[in-house]
Structures are given as structure tokens and as C-alpha cells.
Amino acid sequence: MSKKTIVNPKLYEIIENAPEEEVSRQEYFIEKLRDEVEIREKRLGRKLKCMVNTFGCQMNARDSEKILGILEKAGYEEAEDEKHADFVIYNTCTVRENANNKVYGRLGYLGSLKKKNPDMIIALCGCMMQEEHVRDKIKESYRYVDLVFGTHNIFKFAELVVNSIYTNKQVMEVWDSTDKIVEELPIVRKYSFKSGINIMFGCNNFCSYCIVPYVRGRERSRKPEDIINEIKTLVNDGVTEIMLLGQNVNSYGKGLDNPISFAELLGQITKIEGLRRIRFMTSHPKDLSDELIEVMASLPKICKHLHLPVQSGSTEILRVMNRKYTKEQYLKLVDKIKAKIPDISLTTDIIVGFPGETEEDFDETIDLVNKVQYDSAFTFIYSKRTGTPAAKMDNQVPEDVVSKRFDRLLKVVQEISSERMKKLTGGTVEVLVEEINSQLEGYVTGRLENNSIVHFKGEHNLIGQYVNVKLDECKGFYYIGSMV
Ligand code: SAH
Ligand code: SF4
Ligand code: F3S
């Protein structure tokens, strides 16, 4: 059967009339989706609800805001849970195996919901969908999934949904790469006062354990003027804190027609009036420049927090990981940063049980953690990712050994972190109030410049405000405080 004969004539007509230029094209498809939403609303006698479920990193969270933006523009309202949703989309992550398993687990549940609500649309997107074996599994075992797309064609979301509605088949469209960066589609921000902003996409580093370069493609930087304009629009809309996002922000700007450095970009952003806090992540240690340290030290709007993933403290493991720095180089860099920015808060990512990791290698990691004194660290058990060089290494570390090391590391990390946090106890700091505390009645939660969290008595009207809070008590990962 040729493609044309299976196309619904109405869909054929819609596609025939669609504009070429990408932004207008997607706006056109949002309108078409809106028409369909209205038809269904009339039939059901109620509004349609949607649920966007995000797995993975801040990059995915930002993509989800774009997806929600389009769905709301088309007339959907946000559902409280999947049970009450007419459209459910999972924006997936595949950085570790357990991220994948979670998605498969929940897909079964979605299938049972769809039996009760046959109109329900189920969509999957994000990093996991870039993997062929995942797509094969969905084709085979999850036929009730209506739409699958990837990280490179997310801007086509509206068009793909319309396609899926008018075709009685599973629509699966995943691209291997793209050089397009499509701006100016609608977006719904999770918070009114803070926002993530992509400054670049993809990654060129190919750390040997990591799947990200395969699922997110090669590094592409957005133009500085586009970034600045986006931030200005956000600030006009009430945003005061931004988080610049990229897998390796320190190599920002390299491929641009007029290359500029990340430090220069920060310099420009800091001039935007009304903006109060600038954060960024992630920094790869190999590319962290003296210029960036200078800029961080001298520009007060830049939060004194640096997430500097080390991954391992063993120079040999770092070499096999393709991280391009040694333990000594990393420690020297940390010393330099601390000398220039004494109140810097350092956080990191560490992988335990990378293939070939010996007890001595692991001791080096513990030693490094003791030397750096991180404010906090994300610790991960190495997860084998098909297609990466490390997956083919034959000296994988046995599970029980990894698990013992992991517990040992976690203990060290937590002790240091709690010691570091205690140092601020009793002091008064400025915090940005983010939300009502869901556990403690009558409390709100705010974030310090160093990214730590404090809970204190307060009400809804404080959300989005900067207030001074005394840190009364340190509870390990967070503080309990009182507004002064
Ligand atoms: N671009 C960032 C990290 C993105 S992934 C950087 O280079 O720092 C976030 C973290 O997941 C990584 O820092 C790493 O610690 C962890 N990670 C990545 N691949 C992993 C794997 N295969 N197994 C376990 N942890 C992994
Ligand atoms: Fe993965 Fe390394 Fe790229 Fe980070 S820098 S996303 S760990 S390949
Ligand atoms: Fe996961 Fe993709 Fe981010 S694999 S960590 S969601 S870039």
C-alpha cells in the first residue's frame, strides 16, 4: 500500500495547505489540532486534559515546557494525573537503564487507562526514542502508543499530533540529526519567576560511558542575540532567575559564524536589567576557562555555584572514560576556583563501578571527594548503555562490589555535605521563594544562591519574591529557617 492511499483525505488536504516556513507551519498545525480538540470537547461535553510527564535532565524539562505550550495553545488543560488525561506524553531519558525501565513499567498502566478511554492519545518522545531497539520494542509490544518522535524533531510536535489523529496507525518519526534550531513556538513555564534557557544542544565529547551524544546529536550553539532576546522577553514576563542549559556550556559559541565564549555570553546576559540570578549547567572541567572564573568572581548576578562533574577520582579511569583531564588537573582547577571565589559552592556527579575500576581507583575517588569538599554530589552506579564504547569493555565490575563502593561513597559525600551546610546555620541569607511546601503546612520553600533549599513559615504571596531568611537549623540536605 502506498503512503498516499493510507492517508485520510482530510489529512491529505491539511498537509497540502500547510505553509513551508517552519514557525508558521507549526502554528498552522496547532490551529488544526485546536479544531480537533473543539470537536472532541463538544462530543464529550467537557474540556480536554493533558499530562506531560518528564524524565531526565533540565534539558528535557525545558522541552516539556514547549510541548505543554503547544498543547495548551491547542486547547488542552493540564490534568492532575494520568487517569484524568485525554493526552499523555512521556518525555523520556535513557542516560541510565533504570530511566528506561521506569517508562516501560508505566506504559503498561497507560494501556489499561486507554482501554477505559479509547480517545486517549499516548505519545512518547525524548532521548530513549532515538534508540532503535526501543522503537522496535514499542512497535512490537506497545501498539496502543499513538505517536513516537525524537529529540531532533520536537518542534514538529503539533504537526505530528495532527498526523496521528487522522491516521489510524502508530505514527513514528525519529530523525538521526538536525541542524535546525526552531525558535518562537509557544511555551508554558513551570514557574512564573524562573526559567531554563537552552544555549546549546547536543554534545561532542563522547565520554565512553555516555549515550547523550548519540541521542542528542552534535553540539550546536544558539546565537547570542537569540538567547539575549529570549531572556529579555522572559524578564519582561516576570522572570528574575535563569538557568542557562547545555551539556557542556564551557564550549558554548565555538561553531557560530561569529564565535564568542561562554564567559562573554555571561557578560552580555548580566547587563539585562531586572534579571537577578544567573545559573548555568553543566560545566565540563576540561573546558573551564580562567575567563569564566574571573567573570563569576566579578559579576554579582552570577550565582556562586558551580556544578563540575568529576565522574571519577582515578586518572586511569578518567582516561578510559575519555574525560580529558587527570585527577591532579581537576584538583588544581578546584584550587584555582576556590582561590578566586572563596564562597563558591561546588557540586558534582560521580559514577561508581565503571568497567575496570579497582579498589585503588575507587580510593582515589574517595580521596578526591575529601579534598574538594563538595556541597553536594549526585552519585550514580555505572549503567551499561548499548552503543557506547564502555558497554563493550569486558572488565565490568561485579554488582556486589559496586554496591559496597556506592554505599561507602554516599556516606562520605553526605557527611561532607552536611558539614558544609552546617557552616551557614545561624546566618541570614537571601532566598528566592519557589513554592508552597507540600509536606509542612503553612511553610514555603526557597532557594539560596548556592542552590540549597530552605523551608520557612510563609504564604502563597511570597512565591517569586526575594526575602531574607535566617537559617535556624540544618537538616542534612536542607534548612529550616525563619523570615527576618
Ligand atoms: N553533560 C554533563 C552530564 C550529563 S549526564 C557532563 O558531562 O557533566 C548526567 C550525569 O549522568 C553524568 O554526569 C554522569 O555522572 C551520569 N551518567 C552518564 N552516563 C552514565 C552511565 N552510563 N552510567 C551511570 N551514570 C551515567
Ligand atoms: Fe555525556 Fe560526557 Fe557529553 Fe556529558 S560531556 S553529556 S557525560 S558525553
Ligand atoms: Fe537523559 Fe537525555 Fe538528559 S538521556 S539526562 S534526558 S539529555
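Two strands pair if DSSP finds at least two bridges between them; helices (H or I, at least four residues) and strands (E, at least two) are DSSP runs, numbered from the N terminus. The close-ups below all come from a predicted model, where local features need pLDDT of at least 70, side-chain atom pairs count only at pLDDT 80 or more, and totals for chains, interfaces and linings use all residues. Residues are numbered from 1 along each chain as its sequence is written, and side-chain values use heavy atoms, with hydrogens and water left out.

**View 1. Strands S15 and S16 in a five-stranded barrel.** Here S15 (residues 428-436) runs antiparallel to S16 (residues 443-448), and five bridges pair them. Look for Val-431, which sits opposite Leu-448 of S16. The barrel closes in the order S15-S16-S17-S19-S18, with mixed pairing. From one strand to the next, the twist averages 50° (axes are lines fitted to C-alpha atoms, for helices over the stretch in contact, and angles run from 0 to 180 degrees between N-to-C directions).

View 2. The side chains of Arg-447 and Glu-434 form a salt bridge with an N to O distance of 3.1 Å (a side-chain nitrogen of Lys or Arg within 4 Å of a carboxyl oxygen of Asp or Glu). Because Arg-447 belongs to S16 and Glu-434 to S15, the pair ties together parts 13 residues apart in sequence. Both Arg-447 and Glu-434 are buried (under 20% relative accessible area; exposed is over 50% and partly exposed in between, with a 1.4 Å probe and protein chains only).

**View 3. Glu-241 and Arg-279, a salt bridge between distant parts of the chain.** These side chains meet at 3.0 Å, N to O. Glu-241 is in strand S10 (residues 241-245) and Arg-279 in strand S11 (residues 277-281), 38 residues apart. Glu-241 counts as buried because its relative accessibility is 3%, and Arg-279 does so at 5%.

**View 4. Arg-319 and Glu-316 in helix H12.** The closest N and O atoms of this salt bridge are 2.7 Å apart. About one helical turn separates the two, because they are three residues apart in helix H12 (residues 315-321). Arg-319 is exposed at 57% relative accessible area, while Glu-316 is partly exposed at 41%.

View 5. Asn-100 lies in H5 (residues 97-116) and counts as buried, at 2% relative accessibility. Its side chain makes a polar contact of 3.0 Å with that of Thr-94 (a pair of N or O atoms within 3.5 Å; within protein, one must be able to donate a hydrogen and the other to accept it, and residues adjacent in sequence count only if both atoms are side-chain atoms).

Terms used
Chains are lettered from A and ligands numbered from 1 in the order in which they are written.
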